[in-house]
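Please keep the picture in view while I talk.

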Amino acid sequence: MFDLIGDIHGYAERLETLLLSLGYHKTAEGYAHPTRRAIFLGDVIDRGPEQVKAYRIVRAMVEAGNADLIMGNHEYNAVAYATPHPTRPGEYLRAHSDSNLRQHRTFLDQVGEGSALHEEIIDWFRSLPIYIDAPDFRAIHACWHADHVTFMQPFLDANNALLPHAWYQTTEKNTPAYNALETLLKGTEIELPAGVTYLDQDGNERCKTRTRWWDEEAKTYRQAGLIAQAIADRLPDKEIPAANLLTYDQAKLIFFGHYWMSGTPQRLSERMACLDYSIGKGTRKGKLCAYRWNGEATLREDGFVWVEHAAPVHILKSESLEP
């Protein structure tokens, strides 16, 4: 059986508390459970105060056979940021722009940019699978888009990790490979109607919006747009063309992270769950969340387990952690 765990973002102490809450015990090889295995949904790094420790906890579990980690957009960005561009000397696959540096600064400060530790972490991140497609469930960081999953097959090895040449191809903007991986790791994005733009909370003008791809009731730009509630009315209340709407096939349970959920952790539908409950924001309301999967075909509301950002002890929704 599996415990699926959402975005950690360097909150290692909260991760340890969650693992202990789930019945994992610290051993010489890292945290382990006698009958269960953890699956981390990506974004182990960036933002939080103990990113190296979080990395070491997760890697030890993976290498001991007690966990899997799939790639999040922050692991992907970290590799691209550290990888020289093959055809543009002095540049990198992810530009060293002010905005990209701001997002990545705490990680670089904690590992020491260019250090042996930095290179070790980046090398390991290159080996991470983009997704897990198990017999009864799927796990991906941001979005299960079947067409893009199929398109990416020639770019992946047998473990669903990016092949060496794919790093360059998937970072070249506005190419099919770039668009496919952007969707899988960052979510669906759609163009707004011609002439429609909005200013985001940072004052940047936007002509596209990320969408609530899992919400099949969201049919308009305003309903589907993933922007702050305070500025949601800046999107038109106009139906999105059907070709731009994604429908999940519901063939298996799907677990993902990435989306900064809030409130009490709960399922999105009987087959879909987001496990990112905003621990990375560093606020008292943030949670590090897991789902304890026991083989069920329909998600249980009591399957969610979490720790609060500010709580001195863990907070559990489930009264029992058995089995």
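This is a predicted model: local features need pLDDT of at least 70, side-chain atom pairs count only at pLDDT 80 or more; totals for chains, interfaces and linings use all residues.

Residues are numbered from 1 along each chain as its sequence is written, and side-chain values use heavy atoms, with hydrogens and water left out.

Let us begin with strand β15, residues 287-293, where a strand is a DSSP run of E with at least two residues, a helix is a run of H or I with at least four, and both are numbered from the N terminus. Seven of its seven residues are buried, so β15 is largely enclosed by the rest of the structure; buried here means under 20% relative accessible area, with a 1.4 Å probe and protein chains only. In a regular strand the side chains alternate between the two faces of the sheet. In β15 both faces are covered, with Lys287, Cys289, Tyr291 and Trp293 buried on one side and Leu288, Ala290 and Arg292 buried on the other.

Which strands pair with β15? Strands count as paired if DSSP finds at least two bridges between them. Strand β1, residues 2-5, runs antiparallel to β15 and is joined to it by four bridges, with Ile5 opposite Ala290. Five bridges join β15 to strand β16, residues 304-308, again antiparallel, and here Tyr291 stands opposite Phe304. Strand β14, residues 276-277, pairs with β15 over two bridges, also in the antiparallel sense.

Now to helix α7, residues 164-171, whose buried residues are Ala166, Trp167, Thr170 and Thr171. They cover an arc of only 120° around the axis, which puts them on the same side of α7; the arc is taken from the directions from the helix axis to the C-beta atoms. These buried residues pack against α3 (73-82) and α8 (176-186), where contact means heavy atoms within 4.5 Å.

Thr170 also belongs to the lining of the largest cavity, together with Tyr76, Tyr178, Leu181, Glu182, Leu185 and Lys186. A cavity is a set of points on a 1 Å grid over the protein atoms alone where a 1.4 Å probe fits but cannot get out, and lining residues have an atom within 4 Å of a point. Helix α8 gives the most to this lining, with five residues.

Definitions and conventions: Buried means under 20% relative accessible area, exposed over 50%, partly exposed in between (1.4 Å probe, protein chains only). On a 1 Å grid over the protein atoms alone, a cavity is a set of points where a 1.4 Å probe fits but cannot get out, and a pocket is an open set with protein on both sides within 12 Å along at least five of seven lines; lining residues have an atom within 4 Å of a point.
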